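Morning, everyone. Please bring up the model on your screens, and let's walk through its charged pairs.

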There are 2 protein chains.
Amino acid sequence: MTMSKRDTYTPESLLAVAVQVFNERGYDGTSMEHLSRAAGISKSSIYHHVRGKEELLQRAVGRALEGLFGILDERGARDGRAVLRLEYVTRRTTEVLMDELPYVTLLLRVRGNTPTERRAMERRREFDQRVSELLKDAVAEGDLRADVEARLATRLLFGMINSLVEWYRPDGRGAEGADQVVDAVVRLAFDGLRA
Amino acid sequence: MTMSKRDTYTPESLLAVAVQVFNERGYDGTSMEHLSRAAGISKSSIYHHVRGKEELLQRAVGRALEGLFGILDERGARDGRAVLRLEYVTRRTTEVLMDELPYVTLLLRVRGNTPTERRAMERRREFDQRVSELLKDAVAEGDLRADVEARLATRLLFGMINSLVEWYRPDGRGAEGADQVVDAVVRLAFDGLRA
DNA sequence: ATAGATTAACCGAATGTTCGGTCGGGACAA
DNA sequence: TTGTCCCGACCGAACATTCGGTTAATCTAT
């Protein structure tokens, strides 16, 4: 290994560091000084790679949104009986959330203080609306219970999935493999806790 | 009406304003200037009522934690078969969350940047641990499914309940009454989405 | 009832620090 | 050499809080 080799950042690698710190401290609770310490470069060096703090946020939430909306374009989300599509979307959303955990985490925590955040929140509402329609279709086809209002059910379902950002860690805690988590989500969501 | 009448704040009423703004903008995204504008008094006047920004946070999360831990002391959470206790706790947690929505919302969003936040997070972990044990008991008594690990199931269950802070609004959106929401939570949690 | 004393609630200015970002220059690698 | 990547010093604005003072309300003595 050559010690004279300079480890340099790319916008991508810098983003990964930034997103991690944003998630730990919150976006507003993270100063550029915090970022520079975490990245091991000076604060001003960051501006070589990105125009500003908000650009980091924009890239991160953009990546998360791309992942989520991508699911809705997949075959399993478009073809077939509504309840199967909903189950597919449930699985894939859980998988994307775990694959892009830092980015989706950040997305789910935006508040609306900046234009970037407000746009991200708007996009999230679109996604929720799409899924709510899917759930409504499954109820109409008689596969899902009708005694819980579709919008409410959607919110509770995605509330559960999105909660993964609060506790799921890819490095594994005990026997929690990714597949186990996905299966658990689907089981609890569709069949509940009861034996 | 006499225009010279002075509307004064109490720590309680000021807290309510603060918590609302904290929830809109995030704690770190909220400056004392934001608070002073929302409260309609000067920034410095706030310090007559509270020692500092963090004291507001401390009071708010304290109130939320008091509500949640209070549930665990209630009769329905202590006596009877584990699955009934779990259902009771599920209902009561949902109710407390809705009754103390601003305070629980703030609690659920703390990050850990201040001592107050770190202590609150520690307390939340205690609460989660208590509930996880209850769910484990219900599995052991054969009332709840054993194919989903108890800790994971607890997290998904409370993930769903806690998601209310993101979308539940007491002023009602359509037919969403509080009782309807509580019933929906219990139904989806214990019996799932399937018809 | 009234005036003076006291207190609570409030104010704008000031303070020291931190914020996101800029600038001129240096270090590094090809 | 040149372009990329980085640096420390610096900027004006904003941060949470303190300071000395004002105002309105309340209390007390007459």
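Let's start with the count: there are 36 salt bridges over all chains. Keep in mind that this is a predicted model. Why do such pairs form? Side chains of opposite charge can pair when their charged atoms come close.

Take A:Asp147. One partner is A:Arg145, and their closest N and O atoms are 2.8 Å apart. Is A:Arg145 buried or exposed? A:Arg145 counts as buried, because its relative accessibility is 15% and the cut-off is under 20%. A:Asp147 is partly exposed, at 41%.

A:Asp147 also meets B:Arg187 in a salt bridge, at 3.2 Å from N to O. This pair crosses between chains. B:Arg187 sits in helix H11 of chain B, residues 178-191. A:Asp147 lies in the loop between helices H8 and H9 of chain A. B:Arg187 is partly exposed, with 31% relative accessibility.

Salt bridges can also link up. Shared partners join A:Glu12, A:Arg63 and A:Glu100 into one network.

Now chain B. B:Asp73 and B:Arg78 form a salt bridge, with 4.0 Å between the closest N and O atoms. Both of these residues are exposed.

How do the two chains relate? The same surface serves both copies: 100% of chain B's contact residues recur in chain A.

Last stop: residues 8-68 of chain A. An unreviewed UniProt entry places "domain: HTH tetR-type" there. This stretch is 75% helix and 0% strand. Its end C-alpha atoms are 31 Å apart.

Methods:
Residues numbered from 1 in each chain as written. Chains lettered and ligands numbered in written order. Predicted model: local features only at pLDDT ≥ 70, side-chain atom pairs only at ≥ 80, totals over all residues. Heavy atoms only, no water. UniProt positions renumbered as here; feature names shortened; annotations may be inferred. Helix = DSSP H or I, 4+ residues; strand = E, 2+ residues; numbered from the N terminus. Contact = heavy atoms within 4.5 Å. Salt bridge = Lys/Arg side-chain N within 4 Å of Asp/Glu carboxyl O. Buried < 20%, exposed > 50% of the residue type's maximum accessible area, 1.4 Å probe, protein only.
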